[in-house]
Amino acid sequence: MLSMREIDKSFLGVRVLSDISLDAEAGEVHALVGENGAGKSTLMKILAGVHTPEAGTISIDGVPVTFGHPLDAQRAGVAIIYQELTLLPERSVAENVFLGREPTRRGMVDRSAMERQTSKLLLELGESTFGPRDAVGRLSVAQQQVVEICKALSVDARIIVMDEPTASLAEHEVELLYDLVRRLRERGMAILYISHRMREIFDLSQRVTVLKDGALVATRNTADVTQSELVSLMVGRELSHYYPPRAAPEEKGEVVISIRGAGNATLHDIDLDLRAGEITGLAGLQGSGRTELAKAVFGAEPFTHGTMTPLRPRSVRQAIAAGIGLVTEDRKAEGLALRQSVGDNALLVSRAMGRGTAARVRELLSRVRLAPPDPEREVRYLSGGNQQKVVLAKWMTVAPRVLVFDEPTRGVDVGAKAAIHELIRELAREGMAVLMISSELPELIGMSDRILVLREGRLAGELPPGSSEETIMHLAAADEAAA
Amino acid sequence: MKYAIFVVLVLLLAAIALANPFILEPAGFLAFVKRAAPLVILAAGQYFVIVSGEFDLSVGSLVTVEVVVAARLIDGNEAATWPVLALLLALGLLVGLVNGVVTTLLRVPSFITTLGMMLILSGAVFLWTGGAPRGALSQTFRIFGRDTLYAVAIMVVVGVAAVLLTRATYGRTLIATGDNERAAALSGVRVTRTRILAFVISGLAAAVAGIMLGGFAGVSAQVGQGLEFSAITAVVLGGVALGGGRGSVVAAMGGAFTLEAMFTLLNLYGISGALEYTLQGVIIIAAVAAGAVQLPRLTPTPRKGDAHAS
Amino acid sequence: MSERVLGSLSLRMGPAQVVFLALLAVLVLGAIVGGAEFMSMETVVGIQQRSAALGIVAIGQTLAILAGSLDLSVAVLISLTSLVAAEMMESGNVAGGVAGALAVSVLVGLVNGAVITKFKVHAFIATLGMTLVIKGVLDHLYDGPAGRVPDSFQRLGYDRIGPIPVSALLWAGVALAVWFILTRTRTGYRIYAVGGDVEVARLSGVRTDRVVIITHVLCSLCAGIAGLLLASRLGAGAPTVGTDGGYDLESIAAVVLGGTALAGGRGGVAGTVGGVLLLAVLDSLFNLLEVNSFFKDVVRGVVIVAAVAVYVRRRKS
């Protein structure tokens, strides 16, 4: 159905895509994988009409097409569901679904037709938790994704590109998305599915294409490759082990932070000890209060009652002064000032706390393996992995005793992921107490010295290192049998 | 690139020199600097507000208020000069403080806060004086704006202080706050206090500029008119982004000099006083447009090697 | 009505309702303090006439602000169009004068829109630059009022039908037209989209540049209509009629007072109408009480800032 041939693209003379060919059949889910910066997003934006290729052809059903504007791609039946959802929070579901293509009658927008058709689409997708008149800003991320898919269906899109659609979904919502993707496939659509997550690729796709450094590495039938083959195609080398060794018992030190009976609006009866040298993993479904717990420990959304020794922080500054740091889940929104230099970002905390010193910045940047360790570069030009390293450097300037990581490797490519894992372990080994939240269970299992499970704002239990994904999921889901 | 405005400035100065070589002499050059000084100081103050992501539209009326208040309180009495000067600076600080507090704690967009302040200030001062400026400034007071050495010295002090401030911890955290307030707050920056201080700096700068303009331009109800726009224009000419997080104070002050050079040049070449505005408008738009063209907004393309930095 | 009641009521209402409630409160206050005089025909007509010109400009400004832009050049454009109209009408050609003024408006709007979208100049700077350009032309060509409009055209400014001045009807007409555009046409939907998030709109296939340009043309047209109205009132064109009236910042203030977000994408015409009326009624009340005109400025400043503070509070909860 879709065929892209020999696509080339450069930005400012830097070749970002060369000679890429890709096709997709009706009723197929074609996965597109590659590390960050491999060119997946650029390729998709070319398909969406956002960028124009310098060379190469795109044809749909054998007819060559050129897209000068997103509208052209839309008309040709291509719809993109971006990772960062493209919806207007102030407008209704129906207004969002028909944005740019509002149906009219006698020159006026036909609101009732719009709402009728939106209802119909929602029904087809089995969505009944919200209606066409609800304001999008009040919906959950998963619900908003359904709105995006409605939008795609409403243009009679036959080729749907999904860019990391599960990145911000909770586990149970992922299942719903799987259903949705399968339904779209049954309707004879071609789906290009971009993802970092191996499980999704193997669960959903029929074929998989690997990109690396803007070039095509291979296209394979998913059934014919193994996970490790795929990973090595992506990074171009075998990754023998993913995770650094766990802490030996003698490496675990004293209790640095002790929380007893603490809570706030979302958290209840939290008892938690964090030890020097130990990585405590925190699992839980989305909405279980994981991020809230991180922010409570860090004083950003403080505990309102209970005890925490040495100090229950009422503000971020109190927490930092007490030696607590937080690597936030959303790096771009909460972690970095993107238009400032690496150096300014790295020094932000120490300056804010009145401990500013520029002397050690370079050393610190090499320490977090930032390559090149150039403090002058603007952070926004760095890859996700390097940005995360800058965030780490930012905390290391004030040498916290406790560092909380909320999804430390989200949006980070495989290579940089391993580097960040090593860094976290290194910090622990040097005596830092680490609390690590991750919704990627293999990562959590691989990294943690013990795993705590959060359910509906309460700690549901503690599991030993190396517990299976099933055990964790049982405990995380409100499941009678597991309790 | 960051200092492209200075290339423009040098070209303008060269053009001025062609018509009037006097500007190449120390006296001529200093006279030019003196004329530019109040705007340079206002631009430096405005820079702190703009780089934090806000606007300060109240500086023009604050300048008027400073001059009118000074004239009425001093009323020709030399002895009153120093106490009144102290009062004027305090007034600038207070106005900035109110702007900052309303903008940050009450979360009113600064465009509206400072617009309201503009109405309040000009209303209040003429309510107090009964509609027109009264009284007179003292000789000592006038020296600051009228005497070239004083004016230039004040400007240099303010300029150096502004540069040092942007390089200091305060400046770096302010710019980070303007770029990403949430990230700054979660890094321990006191964002509210930081922003309020930016407005206070702008208020103080307006007070200093007002004191100088009182001596330089004399007492009138129009002395500060439109200065808020000139100051913002100067800052933007210097390549500082409206919306915050980017730009240098040196370039902002360069923008003010450039604006002043443009006025001088247009006068010299006998462009009628009126069409001067027209040209000024065209040049400002063209300069900003040129800046936008030179620095296209690209999708950040990762450089080679980033993906494998491990 | 106390501040607290206003505040707590406001929690349950949109900003547009809040501003009308405040309007009602001021009217009641005026009736109590001013009695029969405040409710006299003279006052009512005065309020309508005073608000018509600002109202029309503010309606246009609403469009610009909703689209995430703003227009500082409306004040000088009002002066310019008043002069164009009055000069062209000197020969008695009313239609030509109207057409000329509107054509100039469209041109200015096109240039504003094009500079903002094609050259990527911030709207604040682009329209400030336009202000200077027009101001220069005005100062160069005119020392004072010029041109003359025929008596027939002056009726626009002074006639009324029963208690309603023609100028108020014109304002209502403009408001209705823009309300229709915003709520019933694709253009209106796209203005909200562009103001809400320009990137989202673009990715959804909206030609965002075109929307911003159309918005600026409509905004300038509104300023041109206000210029015509003022020319008919003055009987001539005047180079400072727009700036003296402070229509640039005051129209922005009225829009924001009506609850439209300065950042764009949220708000509407109804709120702006309320905001303009509130300012006009306050003005009348002050006139009645013979309050010093400088005091009025102070109160206006406080009201605008306080109103926005209330809206922000409301949205947070």
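1. The six-stranded sheet of chain A. In this predicted model, chain A contains an open sheet of six strands, arranged in the order β6-β9-β10-β3-β11-β12 and with mixed pairing. The edges are taken by β6 and β12 (215-221) of chain A, each of which has a single partner strand, so one side of each is left without a neighbour in the sheet. Direction ignored, neighbouring strands of this sheet are turned by 20° against each other on average. Within the sheet, strand β9 (residues 159-163) of chain A pairs with strand β10 (residues 190-194) of chain A in the parallel sense, over five bridges, and one point of reference for this pairing is A:Val161, which stands opposite A:Leu192 in β10(A).

2. A search of the whole structure finds six cavities of 30 Å³ or more, and the largest cavity has a volume of about 230 Å³. It is lined by 18 residues, of which A:Gln74, A:Val78, A:Ala79, A:Ile80 and C:Leu203 are the closest to its centre. Three elements of chain A, namely α2 (70-75), β6 (78-81) and α5 (141-154), each supply at least two residues of the lining of the largest cavity. The edge strand β6(A) of point 1 gives the most to this lining, with four residues. By class, the lining of the largest cavity is made up of twelve nonpolar, three polar and three charged residues.

3. Strand β1 of chain A. Strand β1 (residues 2-11) of chain A is mostly covered, as eight of its ten residues are buried. Its pairing with strand β4 (residues 55-60) of chain A is antiparallel and rests on five bridges, and A:Leu2 of chain A stands opposite A:Ile60 in β4(A).

4. The three-stranded sheet of chain A. A further open sheet in chain A has three strands in the order β14-β13-β16, with antiparallel pairing. Its edge strands are β14 (270-275) and β16 (305-309) of chain A, each of which pairs on one side only. The twist averages 5° from one strand to the next. Strand β13 (residues 255-263) of chain A is joined to β16(A) by four bridges, the two strands running antiparallel, and A:Ser258 stands opposite A:Thr309 in β16(A).

5. Strand β20 of chain A and its two partners. Five of the six residues of strand β20 (residues 450-455) of chain A are buried, so this strand is largely enclosed by the rest of the structure. Strand β15 (residues 279-284) of chain A runs parallel to β20(A) and is joined to it by five bridges, with A:Leu454 in β20(A) as the bridge partner of A:Gly284. Strand β21 (residues 458-463) of chain A also pairs with β20(A) over five bridges, but in the antiparallel sense, and here A:Ile451 stands opposite A:Leu463 in β21(A). The strands β20(A) and β21(A) form a hairpin with two residues between them, and A:Glu456 in the turn has a positive phi of about 45°.

6. Helix α11 of chain B. Which residues of helix α11(B) are buried? Eleven of the eleven residues of this helix (residues 227-237) are buried, so α11(B) is largely enclosed by the rest of the structure; among them are B:Glu228, B:Ser230 and B:Thr233, together with B:Phe229 and B:Ile232. Just after α11(B), B:Gly239 takes a positive phi of about 85°.

7. Cysteines. The search of the whole structure finds zero disulfides over all chains.

8. A buried lysine in chain C. C:Lys296 lies in helix α15 (residues 293-316) of chain C and, at 12% relative accessibility, counts as buried, the cut-off for that class being under 20%.

Notes. Residues numbered from 1 in each chain as written. Chains lettered and ligands numbered in written order. Predicted model: local features only at pLDDT ≥ 70, side-chain atom pairs only at ≥ 80, totals over all residues. Heavy atoms only, no water. 1 Å grid on protein atoms, 1.4 Å probe; cavity = no way out; pocket = protein on both sides within 12 Å on 5 of 7 lines; lining within 4 Å. Points joined across faces, edges and corners; volume = space filled by probe spheres on them. Nonpolar A, V, L, I, M, F, W, Y, C, P; charged D, E, K, R; others polar. Buried < 20%, exposed > 50% of the residue type's maximum accessible area, 1.4 Å probe, protein only. Pairing = 2+ DSSP bridges. Axes fitted to C-alpha atoms, helices over the stretch in contact; angles between N-to-C directions. Disulfide = S-S within 2.5 Å.
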